[in-house]
Amino acid sequence: MNSPLRMARSSPLRGTVRVPGDKSISHRALLLGGLARGWTRISGIARGADVRATIRAMGAFGVQMQQHDDVVIVHGTGGQGWRSTNAPVDCANSGTTMRLLMSVLSSLGVTGTLTGDESLGRRPMRRFAEPLRQMGATIALSGDGVAPVYVQDGARLHGIDYSLPIASAQLKTALLLAALNAGGSTTLRGRLDSRDHTERMLPRFGAAIRRDADRIVVEGDAQLRGVFLEVPGDPSSAAFWIAAGVLVPGSEIEIRGICLNPTRTGFVRVLQRMGAHIETYVVRNEPEPVGTIRVQSSTLRGVNVEAGEVPDLIDELPLLAVVATQADGVTSVRGAQELRVKESDRIAALASLVESMGASVQTAPDGFTITGPQPLRGAPVSAFGDHRVAMSAAVAALCAHGETVIEGAETVAISYPEFFGTLQMLKGNAP
Ligand code: S3P
């Protein structure tokens, strides 16, 4: 048990930072490397515990990999190196690991039991198991459709025509990965408007995929080949420096090597609409736009975030609540019911955070409304075992009066182990 972290109001934050490699892209690169034939070399891979969970789990299923610092080489055998195991395989806190592995194991005819920590054990798995079963998978869930997940070697999968009921990139990716080793083609329709890293990455590995406005078609019996990939910085980690830079007076921060995929930069667009001084520069484009973000402290006004915008900033919404307390006027978010089933119930967690610090918020089943500006007061707050809540609390502490004590701050290691070190660096550069 770690002791709670004490934080004070901040001096200006100044400097240039690089953030860890993108978590979503790292998981996908590892799994596709494990399905391809030949070596896949992934540089700049995320160092957090979630991606380590995918590496460990793939190892438990027999995939050979080597890691030196942030470079991982996957020894791909066209999927033939994966082995069934009776021992439970621990996906820790990582929903992406469990959901994508359910699909990969099913498609390769590998038997396995996937477990996770207490938070992962509460998260919905039926929405993944059902379409995979339609493809022919044999999957059993526990309790009310949760982990442990049991995947049984069964019939070979076949392609389906499926309409996604929710804008979930994990669901879309699970089905795209399953489709690769299925017979026939798979067509996805419906809510395709989530992050599109898998669609961008698949052609690099040699998969046949076609996308238009309302469907994605991927061919089965894919012969993937290993590739070299560079993982750009994670915009969901950069978001904390963007918010801190905007909120702490006198700050100027530059973030380099960031993934600027439009399906991930909704937070930047919403803050710009609030009046924030944020500039973005794309320096290369394929397969992901990558570039620099520059941020300066700014005066903000409240905005409405429409349901259609939510997928592009889903992971940044707890942080947006902190930002909204400092903006002039009403900020309102709707259509974000998925926040209820993340690593924590993030609507309840963000409400607890800002209320503990003396601000008021109205919550709804699918969002929240905050009228600002409201001063934040340092207070004891909980991270609810959720890395993004912990880092949102840290940003709130930087602009609060008095001391904030964050319980569970160590959970930042899920996605951003260097978070507090980088914060010290940015404080140290103040004039
Ligand atoms: C992710 C998709 C999103 C996001 C999660 C990572 C991914 O979840 O919240 O942090 O890598 O595909 P959903 O698929 O549940 O929307």
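Which handedness does the unit of β10, helix α5 and β11 have? β10, α5 (residues 169-180) and β11 make a right-handed β-α-β unit. Right-handed means that, with the strands pointing away from the viewer, the path from the first strand over the helix to the second runs clockwise.

Some ground rules. This is a predicted model, where local features need pLDDT of at least 70, side-chain atom pairs count only at pLDDT 80 or more, and totals for chains, interfaces and linings use all residues. Residues are numbered from 1 along each chain as its sequence is written, and side-chain values use heavy atoms, with hydrogens and water left out.

Back to those strands. β10 covers residues 161-164, and β11 covers residues 185-190. They pair in the parallel sense over 4 bridges; pairing takes at least two DSSP bridges. Ser163 stands opposite Arg189 in β11. Ser163 and Asp161 form the uncovered face of β10. Tyr162 and Leu164 form the covered one.

Now the whole chain. It has 12 helices and 23 strands. These are DSSP runs, numbered from the N terminus: H or I over at least four residues for helices, E over at least two for strands. The C-alpha trace spans about 60 × 45 × 45 Å along its principal axes. For 431 residues, a compact globule would have a radius of gyration near 22 Å; this chain has 21 Å, which agrees. That radius is taken over C-alpha atoms, and the globule rule is 2.2 Å times the number of residues to the power 0.38.

Burial next. Of the 431 residues, 60% count as buried. Buried is under 20% relative accessible area, exposed is over 50%, and partly exposed is in between, with a 1.4 Å probe and protein chains only.

On to the cores. A nonpolar core is a set of buried Ala, Val, Leu, Ile, Met, Phe, Trp, Tyr and Cys residues joined through side-chain atoms within 4.5 Å. The largest has 74 residues, and Trp241, Phe267 and Leu271 are among those with the most contacts inside it. Helix α7, residues 235-247, gives the most to this core, with 9 residues. A second, separate core of 70 residues includes Cys91, Val151, Ala178 and Leu188.

Last, the cysteines. How many disulfides does a search of the whole structure find? It finds 0, with a cut-off of 2.5 Å between cysteine sulfur atoms. Cys91 is buried, at 0% relative accessible area. Cys399 also counts as buried, at 9%.
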